[in-house]
Amino acid sequence: MESAKVAKTMESKKREAAPAAAQQKGKPIHYPFWFGGSACCMATVVTHPLDLVKVRLQMRSGDMPKTMTRTFAHIVKNDGLLAIYSGLSASLLRQMTYSTVRFAIYEELKNRASTDNKQPGLPTLVAIATVSGLIGGFSGNGADVVNVRMQHDAALPHAERRNYKHGLDGMFKMARHEGIGSWFRGIWPNSVRAAFMTSSQLASYDVVKSVLLSHTSMGDTLATHFTASFMAAVVAATVTNPVDVVKTRVMSGSAADHGVVSVLKNLIKTEGFRWMFRGWTPSFLRLGPQTIGIFIFLEMHRKVYRKIKGLED
């Protein structure tokens, strides 16, 4: 009788100490909403110079350098080594808005659509990611306009430079001199790009990771995360580059005729359809490390969270 009582007490203590994931087996873990934005900020610090070069190539005119390496050398030679981080504050501000929102919505909708701890199929993931990216694009548009302007500023003649001190300063000056509407310049190409980016990046990562875990001997390790994120970068760079070129052209200008239609007409007239792949190499070279960084940092966030909360992998 006494031994039965002791056994019952020990069982009760085990149940109390058991991780929440074991008690709620089959239910997805709900991670903090800001994990995606935090991971993107970390990756942005690493890849910002490549993003700067990409913008300069997309905005190239006249006798400006035509290759990534020459553009990089031109920036360092004329503006100094620290110039490769021009606009970093705006990039971080953009990630805090755009990426936090798109990751948070995507993860929440994906968890709601999951059944028996199995994620939805590719069509559902793409639809969820598209909606998440569209909303994220709207929320981060103002910071994105400032980001493009700050990165392109040093390439302009001194008289035309805006000289924003940082991301928030840029947004305040835009509102004061151009009106609040300037925050929404290029919002449609930007939001469409965000939708394409999120659907190609997040959905492809989840699908490739799932396939690797289900059909290969690879486990939930760094090698798996690296492989899945690399494939996601290839898909994302190819899908988003044409929209990215248009978005950059629209956002960098201040004239009233810098609309999507007029920009497209001008691009096709001057370059044919080659414009769709302008800056693809630096775009991929940026998206590759950035996407790999985003998901590796994100998985690190998740791993630490599970460890702190005592949740099963």
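Modeller: This is a predicted model. Take the length of H6. Its 18 residues, at 1.5 Å a residue, should span 26 Å. The end C-alpha atoms of H6 are 25 Å apart, so the two values agree.

Colleague: Which residues of H6 are buried?

Modeller: Leu 125, Ile 128, Ala 129, Ser 132, Gly 133, Gly 136 and Gly 137. Around the axis they cover an arc of only 165°, so they sit on the same side of H6.

Colleague: What do the buried residues of H6 pack against?

Modeller: Against three helices: H5 (88-113), H7 (141-153) and H9.

Colleague: Now the rings. How is a pair of aromatic rings described?

Modeller: By the distance of the centres and the angle of the planes. Here, a search of the whole structure finds nine aromatic pairs. One of them joins Phe 138 and Trp 188. Their centres are 5.4 Å apart, with 90° between the planes. That makes the pair edge-to-face, because angles over 60 degrees count as such.

Colleague: Where in the chain do Phe 138 and Trp 188 lie?

Modeller: In distant parts, 50 residues apart. Phe 138 belongs to helix H6 (residues 122-139), Trp 188 to helix H9 (residues 187-215).

Colleague: Is Trp 188 buried or exposed?

Modeller: Trp 188 has a relative accessible area of 56%, so it is exposed. Phe 138 is at 34%, so it counts as partly exposed.

Colleague: Which residues do ring pairs link into a cluster?

Modeller: Tyr 31, Trp 34, Phe 35 and Tyr 305.

Terms used: Residues numbered from 1 in each chain as written. Predicted model: local features only at pLDDT ≥ 70, side-chain atom pairs only at ≥ 80, totals over all residues. Heavy atoms only, no water. Phe/Tyr/Trp six-rings, centres within 6.5 Å; stacked < 30°, edge-to-face > 60°. Helix = DSSP H or I, 4+ residues; strand = E, 2+ residues; numbered from the N terminus. Buried < 20%, exposed > 50% of the residue type's maximum accessible area, 1.4 Å probe, protein only. Expected span 1.5 Å × (residues − 1). Arc of directions from axis to C-beta. Contact = heavy atoms within 4.5 Å.
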